Amino acid sequence: MVLHDINQACRFADHLVVMKDGAVVAEGPPGEVVDAALLRETFGLEAAVEVDPVAGTPLVIPVASSPVPGLSSRGSDPNGPLS
């Protein structure tokens with residue numbers, strides 16, 4: 001199957017094939033293939049890759065390169081992170 005949601009692909013696939021511009025750039029089990037460097041080089045995505053606490057597979061967490069309007073940094077606002 002083809003999935004464009006990397007977290008779903010990591011959770012449900014045994015083997016991933018990562019492509020860019022029609023060429024295979026990586027393939028193998030999600031835990032061996034998906035890391036921050038691959039996401040940056042292939043998709044231009046800055047992200048943290050953690051272990052999904054439910055599935056035990058990679059969990060991609062995009063990291064904003066600049067502040068998101070309307071959201072404050074965690075801990076810097078006495079009214080909470082989403083004030």
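The chain exposes about 6,000 Å², and 56% of that comes from carbon and sulfur atoms. Please keep in mind that we are looking at a predicted model.

Now, the overall layout. The chain has three helices and four strands. If you walk along the sequence, the pattern reads α-β-β-α-α-β-β. There are 83 residues, and 22% of them count as buried. As for contacts with a separation of 6 or more, 21% are between residues 24 or more positions apart.

Let's go inside. Which residues form the largest nonpolar core? It has eleven of them: A9, C10, L16, V18, A26, V33, V34, L38, L39, A47 and V60. Helix 1 (6-12), strand 1 (16-20) and helix 3 (36-43) each contribute at least two residues to this core. In soluble globular proteins, nonpolar side chains tend to be buried together.

Pick out L38 on the structure, if you can. Leaving aside residues up to four places away in sequence, L38 touches V18, V25, A26, V33 and F43. Among these, V18, A26 and V33 are also on the core list.

V17, M19 and V24 make a nonpolar patch of about 260 Å². One of these, M19, sits in strand 1. Why does M19 count as partly exposed? Because its relative accessibility is 44%, and partly exposed covers values between the 20% cut-off for buried and the 50% cut-off for exposed.

Notes. Residues are numbered from 1 along each chain as its sequence is written. This is a predicted model: local features need pLDDT of at least 70, side-chain atom pairs count only at pLDDT 80 or more; totals for chains, interfaces and linings use all residues. Side-chain values use heavy atoms; hydrogens and water are left out. A nonpolar core is a set of buried Ala, Val, Leu, Ile, Met, Phe, Trp, Tyr and Cys residues joined through side-chain atoms within 4.5 Å. Buried means under 20% relative accessible area, exposed over 50%, partly exposed in between (1.4 Å probe, protein chains only). Contact means heavy atoms within 4.5 Å. Accessible areas come from the Shrake-Rupley method with a 1.4 Å probe; for residues, only the protein chains shown count as cover. Patches are made of residues with over 30% relative accessible area and no salt bridge: like charges are joined within 9 Å, nonpolar side chains (Val, Leu, Ile, Met, Phe, Trp, Tyr) within 5 Å. A salt bridge is a side-chain nitrogen of Lys or Arg within 4 Å of a carboxyl oxygen of Asp or Glu.
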